[in-house]
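Hello,

Here is the structure you asked about. Please open it first, then read the notes below.

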Amino acid sequence: MTPPDLGIILYTAAFALAGIGILGIVISTHLVRIVLSIVLLETGANLLLMLSGFRFDAVAPVIVDGNLPASMVDPVPQALVLTAIVIGVAVQAFMMTLVLRLRRVYGTLDIRELRELLERDLAHEAGIRLPSSEDAPVPSDGSPAVAREGGA
Amino acid sequence: MTQPVLLFALPLLAAFLLPVVWRISAAAGRLFGPLVLGVNVAIGLLAWDGVANQTRVIALGGFAPPFGIAFYIDRLALLFAVAVSLGILLLWPAGRDGEGASREATLTLVLAAAGTGLALSGDLFNIYVFYELTAIASYGLAAARGTGAGYAATMRFVVIGSFGAALMLIGIALVYQAAGTLNLAQLAEVAPGTLDGTLGLAAFVFILVGAGVKAELFPVNTWVPEVYGAASRRVAGLLAGIISKLALLIILRLLVLVFQHAEALQVMLLLGMLGLITGELAAWRARDLTRMLAYSSIGQLGVMFIAFSIPGEAGVYAGLAVALHHMVVKPALFLLAGRWGGAVERLAGAAQASPLAAALFILLALSLIGIPPLPGFWAKFLVVSSALAQPGAAYVFAAAAILIAAVVEVSYLFRVVARLYRRLPAATLPPPPGRPDLAVGSLLGAVLIATVLWLAPLGDGLQGIAAEAADRDGYIEAMNPASGLLP
């Protein structure tokens, strides 16, 4: 395989990873899947950033024995990717902590259920009754979820 | 003595010292944060005269741009850096005890450091790093109350924020691909040949959506009402009033320096109008005060996007006027909502309990709507008049949208005011706002009235700042990236 083909493959892979990630964020209903989709999206973005300064015919930009290599890979994007990866890992760790907390407080990771619970809690705190019809089922537990946190 | 780099370095250092100080003495720890921010504001004000005479460029670590990372400090950057420090000082999280308080104070200091860094940075990747640092600090603050609703709202904030950050990173990769540099001045030099095509437009849209998460831009602002509703009102005021404007500042710099597409402005105009319309209509429907304020801030940010989409100095001037006005008004409103927060129906009789708070609310509401002679009128007038001076039907629509939105604002804000002044027996009155909240709110109200009195000199000063910010060649010349290149 010739080097330019490799470039095309890698660019396609970068955009495909980002695309899969975005699709996953949009269509997933499970929080852990959403977190994983974000990981994919970030990997795609990092790969793209990496490729933006990469040259297939060059070597690492290291001066050996005082000799400057004839052609070097641009080191700037690699430094940037390193930073981006570190930031990404920190945010992902934070997201997983939140996922754990949510699981403990609400007992579910389905975003549709979480959205309803969030609306209920916010309305409860504000002292608003949510709009509902007379035929709506009576909520089994009207208390805010904060009260249950300790028991989990 | 007044080294502007300290504006960023001091709060960052203090943030990491704070847990240690807190452990030695909780009382000292409590004072430490506000003290550092106070020093920061003083440094900024002392540096003002020097910067007003000549823009300063600081090459961090002694590496000259474009190789090193540079801070670019003109009056606009310094203004925002001081505003961030002062705003965070005024909205300093108060009252909680124990370990939670020290963590919250640490995060707030990190937020101050990242915010000033964002305002001063002259390098696209550095902007990304500070933007993420701001984001992480605000995620922590949004979840700090430790309620289930807080976690759920923050989760959505983090998901949308990470999505935006990844898009911003893709945009930066595209820029680097095409231009081979991330220094803003060097980008400004090479942009006409490399970034004026479709690739440049795509990069701009990616970065716009990425930064738009914080700036409450139309499609990526769904976290706003939930986070502001679930977080403490001070954090809501901080995010809506201060941090959102920093994201706007990035977009402004990029528009002026790098992306000179007519289409880029049209995209911003369209998204700004959509944000304005959806925000104001949602605020009109909102039934609790906090969410009403959150939606109204989406609408106001929409006005700022419309203003910055007006090409040239007039747009920058108008946008800055709206941004600074909102920076004063919205935190004050969130502070008033601190104790009042909740259903609008619950507010009946609040004017009896605290006449000052109710009067303050009316003052702020009037300025937000844009009633002369308050500064809100002046800011909106600048936007509408400079939009109408532009050719093209889109700007006329935008001006019409701003005026119609003002009518909607009257409708919902005065629904609240009518509740405040309903008479009730004394036993059932809602609690008055806390004393520190009311003090800061009154201070911000006083700033509004002072602005009315000194509108002419302040307006001229702001116009000068806007002219400097819109001056692309001036930026390149001050940064002078070629000087760092080897001969």
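What share of the residues of chain A count as buried? The figure is 28% of 152 residues. Keep in mind that this is a predicted model.

Chain A first. The chain has four helices and zero strands. From the N terminus on, the order is α-α-α-α. Now take the contacts in chain A between residues at least 6 apart in sequence. Of these, 53% join residues at least 24 apart.

Next, the contact between the chains. Chain A gives 38 residues and chain B gives 34 residues. H6(B) supplies the largest share, 18 residues. By class, this side of chain B has 21 nonpolar, eight polar and five charged residues.

Last, a pair of helices within chain B. Two packed helices are described by the angle between their axes and the distance between the axes. Look at helix H3 (residues 75-90) of chain B and helix H19 (residues 455-469) of chain B. Their axes come within 8 Å and cross at roughly 120°. Angles of 65 to 115 degrees count as roughly perpendicular, and those over 145 as roughly antiparallel. H3(B) and H19(B) are therefore oblique to each other.

Which residues make this contact? From H3(B) come Arg75(B), Leu76(B) and Leu79(B). From H19(B) come Ile465(B), Glu468(B) and Ala469(B). By class, the contact has four nonpolar, no polar and two charged residues.

Best wishes

How values were computed. Residues numbered from 1 in each chain as written. Chains lettered and ligands numbered in written order. Predicted model: local features only at pLDDT ≥ 70, side-chain atom pairs only at ≥ 80, totals over all residues. Helix = DSSP H or I, 4+ residues; strand = E, 2+ residues; numbered from the N terminus. Buried ≥ 20, exposed ≤ 12 C-beta atoms within 10 Å, placed from the backbone. Contact = placed C-beta atoms within 7 Å. Nonpolar A, V, L, I, M, F, W, Y, C, P; charged D, E, K, R; others polar. Axes fitted to C-alpha atoms, helices over the stretch in contact; angles between N-to-C directions. Parallel < 35°, antiparallel > 145°, perpendicular 65-115°, else oblique.
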